[in-house]
Amino acid sequence: MNDQKQHAMLRVTERPSLYDNLEQKTVMELITAINAEDMKVAPAIREALPALEKLIAAVERQLRNGGRMFYLGCGSGGRLAVLDSIELPNTYGIEKGVMNVVLAGGVDRLVEAPEEKEDEEDDGWKDLLRENVSPADIVIGISASGTTPYVLSGLKWCQEHRIPCGSIVHNPNSPISEHSDYPVEIVMGPEFVTGSTRMKCGTAQKIVFDMISTTVLIRLGHVAGNRMVDVRLTNKKVIDRSVRMILELSGLENYDKAHDILLQCGSVRKSVDYIKQNRIR
């Protein structure tokens, strides 16, 4: 897509807010209006579910075959992706490095938010190369505008090297969608504060990240029934929850015995298997 076409693209995310004179409104008026805008998020995601299904199926396929997933992003969307990825090893017991984020400026500088790095066209691909990205993996570009140079260039190079790639954007017919095998466009209209894509776009991104990671990891067997049977035993609350899961799933009635078996086996899944195999009552 040439620069002229890119500049002519409809940028819904940059349109003026439907609300004005915000500084003159009361607290109730402001939060009521923000809530009204937030109500547009779920219906917009619902419209994108068919595209999202294709993206999730591709992520599952790559991970099932031993590959990895990388979010490639910057700004609010990139930081939200980091939030999602760091919770997954503890929640679902997956190894670190299965679901990753490549963030403009580096994940280690997350708090600094060096957003000027999103304009560095070559850095997205360079950062992916440092992770030894390959056609076995899948890369998902995150960009509210759908034009971010860091993400766009990275996806172009992915396609050049036959690395599967998807995208999540919030403007229609964007360059990033054009250079994505599995584009997802969630269009919700202008933001409450004009151009502040940390609002509705950020809310949509968080929801979609939850949908992708949760669905893929359920499909890969990290949930039994509706229980997190591979959760890591990181604190007393999780240990207590895990013991109660063991009691429910195994038929064992003794809390202390289930607790001892859990600490011995290291996970709910292994504990339940151990109890059933040894017919412990």
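Visitor: Among contacts in the protein with a separation of 6 or more, what share comes from residues 24 or more positions apart?

Guide: This is a predicted model. A contact here means heavy atoms within 4.5 Å. Take the contacts with a separation of 6 or more, then pick out those between residues 24 or more positions apart. Their share is 68%.

Visitor: How many helices and strands does the protein have?

Guide: Both kinds of element occur in the protein. The count comes to twelve helices and five strands.

Visitor: Where does Asn171 lie?

Guide: Look at two elements, β4 (165-169) and α8 (175-178).

Visitor: Is Asn171 buried or exposed?

Guide: Asn171 has a relative accessible area of 0%. The cut-off for buried is under 20%. Because its value is 0%, Asn171 counts as buried.

Visitor: How far apart in space are Asn171 and Thr147?

Guide: In sequence, Asn171 and Thr147 are 24 residues apart. In space, the distance runs from C-alpha to C-alpha. It comes to 9.2 Å.

Visitor: What percentage of the residues in the protein is buried?

Guide: The protein has 281 residues. Buried means under 20% relative accessible area. The buried share of the protein is 46%.

Key. Residues numbered from 1 in each chain as written. Predicted model: local features only at pLDDT ≥ 70, side-chain atom pairs only at ≥ 80, totals over all residues. Heavy atoms only, no water. Helix = DSSP H or I, 4+ residues; strand = E, 2+ residues; numbered from the N terminus. Buried < 20%, exposed > 50% of the residue type's maximum accessible area, 1.4 Å probe, protein only.
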